[in-house]
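Trainee: Could you walk me through this structure with me asking things as they come up? I'd like to begin with a helix.

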Amino acid sequence: MSTTSIDRGTPYSEPGSLGLSLLHDPIRNKGTAYTVQQRRELGIEGLLPPAVESLERQVDRVLQQLDGKTDDLDKYSYLTDLMDRNETVFYKTVMSDPKRFVPILYDPTVADACQTFGNIYRRAHGMYITRDMKGRIAEVLKHWPEPDVRFICVSTGGRILGLGDIGANGMGIPIGKLQLYTACAAVPPHYMLPILLDIGTSNEALRADPLYMGSREPQLSEQALDELTQEFIDAVQEVFPACCVHFEDWKGTDAIRMLERYRDKILCYNDDIQGTAAIALAGIAAALNTKGGKLKDQRIQFFGAGSAAIGIAGLVVKEMQTQGLTFDEARSRISMFDINGLIEPSRTDLSEAQKVYAHSVAPTQSLLAGIQDFKPTILIGVSTHGGAFDKHIIEAMTHLNEVPIIFALSNPTRKAECTAEQAYSWSKGKALFAAGVQFPDVVLGGKTYRPGQANNFYIYPAAGLATYAARPTRLTDECFIVAAHAIADQIGLALQAKGMLYPSQDDILETEVTTAVRVAQYMFDAGLAQATRPSDIRSWIENMLYKPQY
Ligand code: NAI
């Protein structure tokens, strides 16, 4: 077979190669929006179709092309390519309708994207840190082209969205999470750095997959992981001193350990723990606004005792204490089940965090028996066990409570502990219900119920925006409690009447900014903020919002 090599020589004059490099730089590329004059000056005349288009026209074309795609994973890939070509058009598109695009950029589509990451991969959007870089991580971080990084979202891929350990394919998560800071809360995108801490994987199928791009070694031991993470954290402090580290989708026990280790030492948070806790607390606060009652008088049964449950319980206990309970009184109002049954003292497999909720009761594997014994007012599913809340469970909750509060937070959809339809119909329309995924409205007895989605995107982009603006030294639990109440307080009476526990997704930016203002205010009041306090926090934050434009 003969090959033809084309000698391109050096066809580009200096201005031309600058223009070409602009066309290939997604951050600066304007594509067809370059004017005739600019095209001449940059030496890219003829390299673009003749039409000179506005940003709005470019977005119209993107929307039309997206409309032609029926499969969400295709839309995800298309948007990923768009981000590679022109970041301004990408953000202009997704910020035009976050309600429509968040489920494509993030959950549920990102779950499919992660599972097929090796197949749909085209180009790296973040950094991979591996065990082989030990001793050189700071040096490696300096390869990132942006010197001022304010948010690193770092995952080990160890527990992705209830999909388990998917190793380096989990990179879709930090990418998607950071995109939502911008898509939902208009935090400027160039301060973001997604990182996959590739610690190996226990997923045999992945290790055998020829297209898998991560390390094929088994996961690091706990001690080796801790050492690698310590070096990583130190390196981030050295290379990006203003950076907030957002931990995402680490294996449950790793997640809790890292948060405990670093929360008082550096600016960091764990969205699976604190973001989830805050969004659950927001839902509980909204439900109590609707049905009446105080948090300190509730009894909460968790199904699932992993990082989400531990996080929610911790924040609930903190808030109950602010309402006057002692720590022991507060923790006695919380009970948990995990895969091995009720958390109780005879169990020998409990983590320190779980032992807090081990009350002196008889062991049982039966959630129904547990509910009948503990008599919860609130039931929260964070188990990844799809369908676990069957008719008997919902009926038991309805028997115990005039208005049971039931959250089925596991995702993706097939892992939800029950559907909205099941919760409303089995409780005869009495339940106040929220899920981790967006279920469609349910019509029952002529009434329309609108199930809330306990989506962390209400919380963490807002906390991020407040952090970007106020530059706090720490992100404390109180910041997340403030965010939770700011969300709950934005649900008007009309939404309450439909059983909504979260604000409408129609104007996410407004919800996020309002929440960020309350959180930033708290950061100033609590002495956490390093920025100078402005006289009007709202307009100060509004002036910092990213606007996609040329
Ligand atoms: P995790 O892996 O840390 O914990 C899972 C827990 O469920 C463990 O305690 C495990 O023992 C228990 N479990 C597993 N199978 C069970 C079974 N058959 N019966 C009873 N318990 C069982 O996971 P994490 O981070 O706590 O997340 C749990 C679920 O919650 C995931 O599906 C995740 O996607 C979802 N989640 C939803 C959020 C939201 O809606 N905003 C936020 C964070 C997590």
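Mentor: Gladly, and let us begin with helix α24, where I508, T511, E512, V513, T515, A516, V517, V519, A520, M523 and F524 are buried. Please keep in mind as we go that this is a predicted model.

Trainee: Which residue forms a salt bridge with R518?

Mentor: The partner of R518 is D489, and the closest N and O atoms of the two are 3.2 Å apart. This pair links distant parts of the chain, since R518 belongs to helix α24 (residues 508-525) while D489 is in the loop between α22 (477-488) and α23 (493-497), 29 residues apart.

Trainee: Are those two buried or partly exposed?

Mentor: R518 has a relative accessibility of 32%, so it counts as partly exposed, and D489 is partly exposed because its relative accessible area is 48%.

Trainee: How many salt bridges are there in the whole structure?

Mentor: A search of the whole structure finds 32 of them. One is between D226 and R257, with the closest N and O atoms 2.7 Å apart. Here too distant parts of the chain are linked, with D226 in helix α12 (residues 222-239) and R257 in helix α13 (residues 252-262), 31 residues apart.

Trainee: Are D226 and R257 buried or exposed?

Mentor: Both D226 and R257 are buried. For another kind of example, look at E395 and K391, whose side chains meet in a salt bridge with 3.3 Å from N to O. Both of these residues lie in helix α19 (residues 391-400), four residues apart, or about one turn of the helix.

Trainee: Why does a gap of four work for a pair in one helix?

Mentor: An α-helix has 3.6 residues a turn, so residues three or four places apart point the same way.

Trainee: And why do E395 and K391 count as partly exposed?

Mentor: E395 counts as partly exposed because its relative accessible area is 33%, and K391 does so because its relative accessibility is 41%.

Trainee: Switching topic, how many aromatic pairs does the structure hold?

Mentor: It holds 16 aromatic pairs. One of them is formed by F151 and Y181, a tilted pair with 4.8 Å from centre to centre and 45 degrees between the planes. The two come from distant parts of the chain, F151 from strand β2 (residues 151-155) and Y181 from helix α10, 30 residues apart, and both F151 and Y181 are buried.

Trainee: Why is the pair of F457 and Y458 called tilted?

Mentor: Their ring centres are 5.0 Å apart and their planes meet at 45 degrees, so the pair is tilted. F457 counts as buried because its relative accessibility is 2%, and Y458 is buried with a relative accessible area of 2%.

Trainee: Which residues form an aromatic cluster?

Mentor: Y424, F433, F439 and Y449 form one cluster. Rings also meet charges here: the charged end of R150 sits over the ring of Y191, 4.9 Å from its centre, and the charged end of R299 sits over the ring of F374, 4.2 Å from the centre of that ring.

Trainee: Last topic, the sheet. In what order do the seven strands come?

Mentor: The seven strands form an open sheet in the order β8-β7-β6-β9-β10-β11-β14, and their pairing is mixed. The edge strands are β8 and β14 (452-453), each of which pairs on one side only.

Trainee: In what sense do β7 and β8 pair?

Mentor: Strand β7 (residues 334-338) pairs with β8 in the antiparallel sense, over two bridges, and F337 stands opposite L342 in β8.

Trainee: Where is S351?

Mentor: S351 is in the loop between β8 (341-342) and α17 (352-355), and at 24% relative accessibility it counts as partly exposed. From C-alpha to C-alpha, S351 and E204 are 26 Å apart in space, and they are 147 residues apart in sequence.

Methods. Residues are numbered from 1 along each chain as its sequence is written. This is a predicted model: local features need pLDDT of at least 70, side-chain atom pairs count only at pLDDT 80 or more; totals for chains, interfaces and linings use all residues. Side-chain values use heavy atoms; hydrogens and water are left out. A salt bridge is a side-chain nitrogen of Lys or Arg within 4 Å of a carboxyl oxygen of Asp or Glu. Buried means under 20% relative accessible area, exposed over 50%, partly exposed in between (1.4 Å probe, protein chains only). Rings of Phe, Tyr and Trp (its six-membered ring) pair if their centres lie within 6.5 Å; planes under 30 degrees apart count as stacked, over 60 as edge-to-face and the rest as tilted. A charge sits over a ring if NZ of Lys or CZ of Arg is within 6 Å of the ring centre and within 35 degrees of the ring normal. Two strands pair if DSSP finds at least two bridges between them.
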